[in-house]
Amino acid sequence: MKMNKLAAVLPITLYSVYGLAAPGYEQGAALPTQFQNTIYAVDHGVIANDSSDDSVALQAIIDNQVSASNNQNTVIILPKGEINLNDEIHIDKSGVVIKGAGSDPETGTKIVVTSWSPYDVDASNAPDFDKKYWPGFGVFRVETREKHPNEQDYEGSANFHWKHSIEFGQAAKMGDTTLTLESGKAREFSQGDLIYVGAASDEAFLDKGEVPQSRRNASHIKTGHMRTQIFKVASVNSSNNTVTLDKPLEFDVPLNNESGYNSRVMPVKAIENFGLQDFYLTMDTKGSHCEAYNRNRVSDSNPNGVLYRYENVCAQDAIHGIILKWVYNGWVDNVQVDMIGSHPIVTEFAKNITISNNQVDGSWNKGAGGNGYIRGSKLYNSWIHHNDIRNIRHLALQWSATGNIVENNTLNVDMNLHGGWERNNLIRSNRIEVPFEHRSWSNGAPESGATWQPIWVGSGDHASKWSGPTGPNNVLVDNTLKKATSSGANIVRWGLFDEPSVEYALNWDGTTYKHLNINGEPISTWNQNLAEGVYQQIPNSGVTVSGGSWPPEEGEPEDPEPVDPPVSSDCGTTAQYVWSSKMEIDLSQAECITLDNDLKGKTVQIWDSDTNDSCDFRGTLVSVDGAGSVNVSSNYVSSTAMMGSIIKFSPNNNCQYVKFRAY
């Protein structure tokens, strides 16, 4: 699947104009501000500022006062002040919106959860619980609570969906829209239904993803669906046992793998048309296993701090903030999640979700078992935008997350492509500034010399420890990436995968998947040295680029025939330019540059200086011996409109520093 180039630059509000399906709630629509039904929680026993548990009263409103609806909303208005919750709130009906009085804890709705310590602790110091209840417990859990007739011990999707799984009658290929199911099973679907498709991981797929033989006996490889997606059913033909999907498959589907594990489809009973918005959420640590710890930076003088501490300090209390599991068409907006037990927001099988305008700061547990993320697992066609995310472990897309846009977020943690064949995601216009202390821990201390880069990518080797390799065509464009790469260093521009207007498509050769590599050898993990090596060998390293400072996908442009550099009386001082290099220019030393090639048909690029940030050049570039000019009015400009081989720089703001390239 090749990403539509239009999608990489198009504002989400214009998708429909061009016939594209935008991600997010109602395909990128504005979130609703008016609701069909309103319930004031205070009228049903949810009383602010009384220090009493409000979870029973709030759950009773959902259970007894709300009628489920896929096309109408019932908003439950929480009062201003402090609300106390001592148990998980189940939003198990479509159409429910939980709305507070604002996310400022001083003036809005402040929700304080008291941990009920639902976990044991395993040998790795991770929360230990029945994994059928994955991903664990949360303050708000949006998920069905139905029970399968043959499995009454568990409610919800832990068994409800898997008990309904259906095998394939024929294998399917990437690009197919019609699936042949086992005999008689197509009749279980109707037009408009949601359908899950999961592909077993066969040897051909594992070979493609460069998964080492030593990793292939893991249970998540042999008996899991790394490649998944949720579609809508466009049509059903019961006589042929086929269903037609609303869009093409993004992966091949074998009947089974070499271990005999089957690919499957299943009907999806999703909670739809829901929302959580306008409140503050935190965890009270008093009386919990977290009580001895504090949110400040861990150090010799503060050994119980959890800032920059990437381990679990109180795994018994690793309660998530918001869990979205088997959900469709909903949102989380203007929620402030402050120091929650583990994941502030986590998804599992979630489609067309908008996560926007939220503030996230900190987690008590950020260690083994994958804790302390904003975790977009099995997240499809969703929109994560304008969030402020700080002091957690990662902002992660993983486990077949696809078709998502992550944009205009501010982070001091990494954007993490965490593995499991996440693919076709667009990550653009984010500001990511990562301190050196954001790094892996082991045995109770930071790993020596280790630090997480602003972008992390899962390799077939490393990421197969928990899932599998990152998939194809995850595109980075126009992100501001900064990093302190050593202890005590300032956070400065990272310099990798961050040239303005350049689209970096990772694990992609322009037409199909290609594992990230250096000199043809697949990288085994991700660190600073490997990131630099991959970047330096673009476009041969499993990264395709377009526009900006890189040549087009069809290959390197041919070098033009050299010409003798001319001399011009229009220039008082000149400097010689080396073709295709990035040159820092001090105009107080040279107001013109001479090139050994003519610019006709070639590209020039102009940036703000990296070596001198005292000012930003704004002005004009003029061809002295040819034709054309370029007006520089922003921090990056590119043009193909010049001819000649002498260029004069004329600042209109007296700034003498600029960076230039021609190719």
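**View 1. Asn125 sits in the loop between strand S7 (120-121) and strand S8.** Strands here are DSSP runs (E, at least two residues), while helices are DSSP runs of H or I with at least four residues, and both get their numbers from the N terminus. This is a predicted model, where local features need pLDDT of at least 70, side-chain atom pairs count only at pLDDT 80 or more, and totals for chains, interfaces and linings use all residues. Residues are numbered from 1 along each chain as its sequence is written, and side-chain values use heavy atoms, with hydrogens and water left out. Asn125, though, has a positive phi, near 70°. Asn125 is partly exposed, at 34% relative accessible area (buried is under 20%, exposed is over 50%, and partly exposed is in between, using a 1.4 Å probe and protein chains only).

**View 2. Asn391 is another non-glycine residue with a positive phi, about 65°.** Look for Asn391 in the loop that runs between strand S24 (388-390) and strand S25 (394-398). Asn391 is buried, with a relative accessible area of 17%.

**View 3. Trp134 and Pro135 are joined by a cis peptide bond.** Most peptide bonds are trans. Omega for the Trp134 to Pro135 bond is about 5°. Pro135 belongs to the loop between strand S8 (127-128) and strand S9 (138-142).

**View 4. Ile538 to Pro539 is a cis peptide bond too.** Its omega is near 10°. You'll find Pro539 in the loop between helix H4 (528-536) and strand S40 (543-544).
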